[in-house]
Amino acid sequence: MTDSIVIFRTVSEYRNWRNSLPNNTSIGFVPTMGALHQGHLSLVSQSLKENTFTVISIFVNPSQFAPNEDLNSYPRTFTQDLELLSNLNIEGKSVNAIFAPTVLEMYPSGIDLDINKQQGAFVSVLGVSEQLEGQTRPNFFRGVATVVTKLFNAIQPTVAYFGQKDIQQTIVLKRMVKDLLIPIEIKVLPIIRESNGLALSSRNAYLSDELRENSSLIYKALKEGESAFKNGKSRDEILSIITKILLKNEQFKIDYISLADKETLQEIDDLSNGAILSIAIYVTENERTTRLIDNIIL
């Protein structure tokens with residue numbers, strides 16, 4: 001039932017609850033921006049299996065959106081999200097709390113989408129934030145690292161769960177936790193996919209059924225790249241194979257195709273120790289452009 005999940009809107013309310021819990025209890029945490037899907041629920045389910053308490057945050061974080069991005073149109077489905085979480089029961093355990101703060105609660109100094117007008121404290125993770133997603137969205141990981149640091153400070157979890165779909169994000173956050181000496185374990189779980197292979201994403205809601213089906217080509221291209229890697233093909237050959245597949249669809253515009261080191265995210269030619277093969281694509285339909293990302297670890 002929905003009344004079994006406590007909903008907190010302020011840090012002080014949550015901390016009062018957190019301080020009432022037994023000492024040395026394990027708290028699993030899944031940070032989200034809402035619009036929950038089975039990918040999110042797989043993370044929540046893992047937390048329920050592994051922890052005494054499980055907390056979810058639902059917060060559409062403005063600092064990771066640029067002024068021209070989809071902050072205002074980003075799907076907000078709190079009632080539906082609450083129902084999904086309320087119906088989730090793993091081994092007799094259910095979600096204990098949702099932290100759904102206001103923007104002012106998370107950014108007491110206020111937040112402007114223009115980075116030059118922002119005031120207050122922010123977190124940058126240098127070296128792994130500037131490439132790939134960071135090239136197209138230069139302030140994105142600064143916003144992610146900042147809000148996750150704030151959430152970690154508020155929630156004080158034992159372990160936090162993230163999905164592999166946002167693989168650069170997981171690398172950024174692991175580096176942040178290590179360098180800032182934050183006593184939280186980060187676990188990364190596999191990508192959950194639709195039946196056609198398309199990686200689940202809240203932004204898939206923007207796609208028509210036809211475009212959603214056509215976008216399965218992204219995963220097919222990744223799998224062909226993986227097959228080429230296993231057959232000993234070179235970096236250039238792998239990238240060429242993937243590019244040809246993706247360009248079959250006129251609705252696709254390639255942002256990047258990357259073969260990068262699994263820790264530094266630097267592009268590499270020597271694939272003998274494996275790599276992260278990742279793709280970002282713009283798909284356009286009815287004058288709306290949606291950006292989709294996906295990856296495979298080779």
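A residue is called buried under 20% relative accessible area, exposed over 50% and partly exposed in between, computed with a 1.4 Å probe on protein chains only. Select Glu-287 to see the exposed case: its relative accessible area is 82%. Glu-287 sits in the loop between β8 and β9 (288–297), and its phi is positive, near 70°, although the residue is not a glycine. Most residues other than glycine have a negative phi.

This is a predicted model, in which local features need pLDDT of at least 70 and side-chain atom pairs count only at pLDDT 80 or more, while totals for chains, interfaces and linings use all residues. Residues are numbered from 1 along each chain as its sequence is written, and side-chain values use heavy atoms, with hydrogens and water left out.

**Whole chain**

Show the whole protein chain as a cartoon. It has ten helices and nine strands; these are DSSP runs numbered from the N terminus, helices being H or I of at least four residues and strands E of at least two. The radius of gyration is 20 Å, close to the 19 Å that the globule rule gives for 298 residues, so the chain is as compact as a globular protein of that length. That radius is taken over C-alpha atoms, and the rule is 2.2 Å times the number of residues to the power 0.38. The C-alpha trace spans about 60 × 40 × 40 Å along its principal axes. Of the 298 residues, 54% are buried.

**The six-stranded sheet**

Next, colour the strands of the open sheet with the order β1-β4-β3-β2-β5-β6, which pair in parallel. Two strands pair if DSSP finds at least two bridges between them. The edges are β1 (6–8) and β6 (185–189); each has a single partner strand, so one side of each is left without a neighbour in the sheet. From one strand to the next the twist averages 25°. Angles run from 0 to 180 degrees between N-to-C directions, with axes fitted to C-alpha atoms, for helices over the stretch in contact.

Zoom in on β2 (residues 27–32) and β3 (residues 53–58), which run parallel and are joined by six bridges. Thr-32 stands opposite Ile-58 in β3. Contact here means heavy atoms within 4.5 Å.

**The cores**

Which residues have the most contacts inside the largest nonpolar core? Select Tyr-14, Trp-17, Val-55, Phe-99, Val-148, Phe-152 and Met-176; this core has 44 residues. A nonpolar core is a set of buried Ala, Val, Leu, Ile, Met, Phe, Trp, Tyr and Cys residues joined through side-chain atoms within 4.5 Å. Helix α6 gives the most to this core, with ten residues. Centre on Phe-99 and show its surroundings: not counting residues up to four places away in sequence, its contacts include Phe-8, Tyr-14, Ile-56, Met-106 and Leu-151. Apart from this core lies another, of 26 residues, among them Ala-228, Ile-245, Leu-259 and Ile-281.

**Two loop residues**

Go to Asn-51, in the loop between α2 and β3. Asn-51 is buried, with a relative accessible area of 5%. Its side chain makes a polar contact of 2.9 Å with that of Tyr-161. Such a contact is a pair of N or O atoms within 3.5 Å; within protein, one must be able to donate a hydrogen and the other to accept it, and residues adjacent in sequence count only if both atoms are side-chain atoms.

Now select Ala-35, in the loop between β2 and α2 (38–50). Ala-35 has a positive phi of about 50° although it is not a glycine. Is Ala-35 buried or exposed? At 10% relative accessibility, Ala-35 counts as buried.

**The three-stranded sheet**

Finish at the open sheet with the order β7-β8-β9 and antiparallel pairing. Here β7 (252–260) and β9 stand at the edges, each with a single partner strand, so one side of each lacks a neighbour in the sheet. β8 and β9 pair over ten bridges, and Ala-280 stands opposite Ile-293 in β9. Helix α9 (residues 217–230) lies across β7, β8 and β9, at about 30° to β9. Helix α10 (residues 235–246) packs on the sheet, touching β7 and β8, and its direction makes about 160° with that of β7.
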